[in-house]
Amino acid sequence: MDINFNKLFKQELERGFYDNIYLKLCNGEKENNSITIPKTCKSRLNGISEYNRIWNYRFLESPCRIGRKSVYCLKKINGCQIKNSSYKCPICYSLDPNIDNPCEPLNKLMRIDISKNFAIIPNVYPYLETQFLVVSRSHIDQGQLLNNQELLKEFFQEIKNLLSRNNGVFVFNGTCGNSLDHFHSHYTTTKFPLLEMLSEKLNGYFDFEHFRGFSLIASNELMVSELISTILKNNLTYNFVVRRVGENLQFIFFIRHCKILEGVEDLNLDAGGLSGYIVTTDKLNIDENILSKYLDTTNRKEDYILISSQFKSGGRRRSKTQKIKNKLFRKTIRNRK
Ligand SMILES: [Zn+2]
């Protein structure tokens with residue numbers, strides 16, 4: 001299917017999908033009493049601004065994502081009554097065309113079915129540029145999908161197709177830095193600092209400039225599935241960012257250890273955060289020490305060393321080529337300066 005995310009975004013913007021949220025009333029009036037919208041918020045996209053930089057990490061505040069926690073926006077309208085909906089999952093609820101959502105303009109959510117198991121919807125409360133979601137059409141758990149060979153193959157093919165026509169990246173947050181169980185992966189055109197610096201040829205573990213991850217150039221889903229099972233076998237979790245490199249996909253995996261130790265502040269960073277682009281509703285009071293403690297606890301060097309030693313597709317070549325490939329990463333950084 002020929003999807004152009006930039007066009008879709010413009011279309012959604014023009015038809016008012018990102019406008020502030022109001023509660024629909026029976027007489028056709030709108031009220032915002034239940035959802036307090038600050039005067040500065042002209043829409044849900046407003047007010048995103050950078051307030052801090054640590055190393056190459058950028059910190060942004062997104063104060064207008066108002067309505068996200070409104071109890072009304074997950075209910076339905078029956079006649080003039082606002083009733084509880086039977087859905088507990090916000091994505092299942094959003095995908096149901098028969099639910100009349102009492103919150104405007106959420107009642108106008110667009111949905112495009114792109115394959116047997118996947119659909120595209122806009123991110124209702126966006127915090128990245130041109131942000132859309134690829135979601136499973138039925139409720140599949142975030143973790144389950146990537147353990148299922150058939151589904152992973154379909155997902156791999158779909159994101160590859162989408163990235164052949166669109167310049168952005170996909171972000172998958174797994175179970176670390178994520179708030180929804182229903183399988184979803186974010187599309188965005190946000191330029192993540194890490195990806196701007198990372199060589200498209202790098203294959204294997206990297207640990208530079210305060211960024212740590214595992215880059216996998218994959219020509220098919222089998223390599224991805226092998227890396228995921230190696231991570232899971234060690235009782236670790238993961239998230240990743242993926243971009244298209246020629247005929248392949250480059251997955252930048254973050255091997256996560258989400259148990260926060262005592263004395264470490266939980267920043268709850270997702271894969272976008274570990275790629276250097278951190279967006280929160282309120283400003284974080286943070287310094288180098290807090291960030292480095294968090295990274296050392298949840299994105300641990302020892303886990304990368306462990307996984308690198310066990311991962312066959314990347315591991316066999318690793319010891320020989322690691323040095324050369326690490327140079328590629330440094331060269332990219334130097335060129336930027
Ligand atoms: Zn669901």
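In which sense do S3 and strand S4 pair, and over how many bridges? The views below will get us there, starting with that pair. Please keep in mind that this is a predicted model.

**View 1. Strands S3 and S4 side by side.**
S3 and S4, the latter covering residues 57-61, pair in the antiparallel sense, and five bridges link them. For one example, look at asparagine 52, whose bridge partner in S4 is phenylalanine 59.

**View 2. The largest nonpolar core.**
Here we visit a core of 60 residues, the largest nonpolar one, in which Phe240, Phe251 and Phe253 touch the most other members. S16 gives the most to this core, contributing six residues. Another core lies apart from it and has eleven residues, including Ile21, Tyr22, Cys73 and Val124. As a general guide, nonpolar side chains tend to be buried together in soluble globular proteins.

**View 3. Phenylalanine 251 and its contacts.**
Leaving aside residues up to four places away in sequence, phenylalanine 251 touches Leu216, Ala218, Val224, Phe240 and Val242.

**View 4. Glutamate 265 in its loop.**
Glutamate 265 sits in the loop that runs between strand S16 (248-256) and helix H7 (271-274). This residue counts as partly exposed because it has 15 C-beta neighbours inside 10 Å. Beyond residues up to four places away in sequence, glutamate 265 touches Ile290 and Tyr294. Cysteine 26 is 239 residues apart from glutamate 265 in sequence, and 46 Å apart in space, C-alpha to C-alpha.

**View 5. The whole protein, for orientation.**
Finally, the secondary structure of the protein comes to ten helices and 17 strands. Its C-alpha trace spans about 70 × 45 × 35 Å along the principal axes. Among contacts between residues at least 6 apart in sequence, 68% join residues at least 24 apart.

Definitions and conventions: Residues numbered from 1 in each chain as written. Predicted model: local features only at pLDDT ≥ 70, side-chain atom pairs only at ≥ 80, totals over all residues. Helix = DSSP H or I, 4+ residues; strand = E, 2+ residues; numbered from the N terminus. Contact = placed C-beta atoms within 7 Å. Buried ≥ 20, exposed ≤ 12 C-beta atoms within 10 Å, placed from the backbone. Core = buried A, V, L, I, M, F, W, Y, C linked by C-beta atoms within 7 Å. Pairing = 2+ DSSP bridges.
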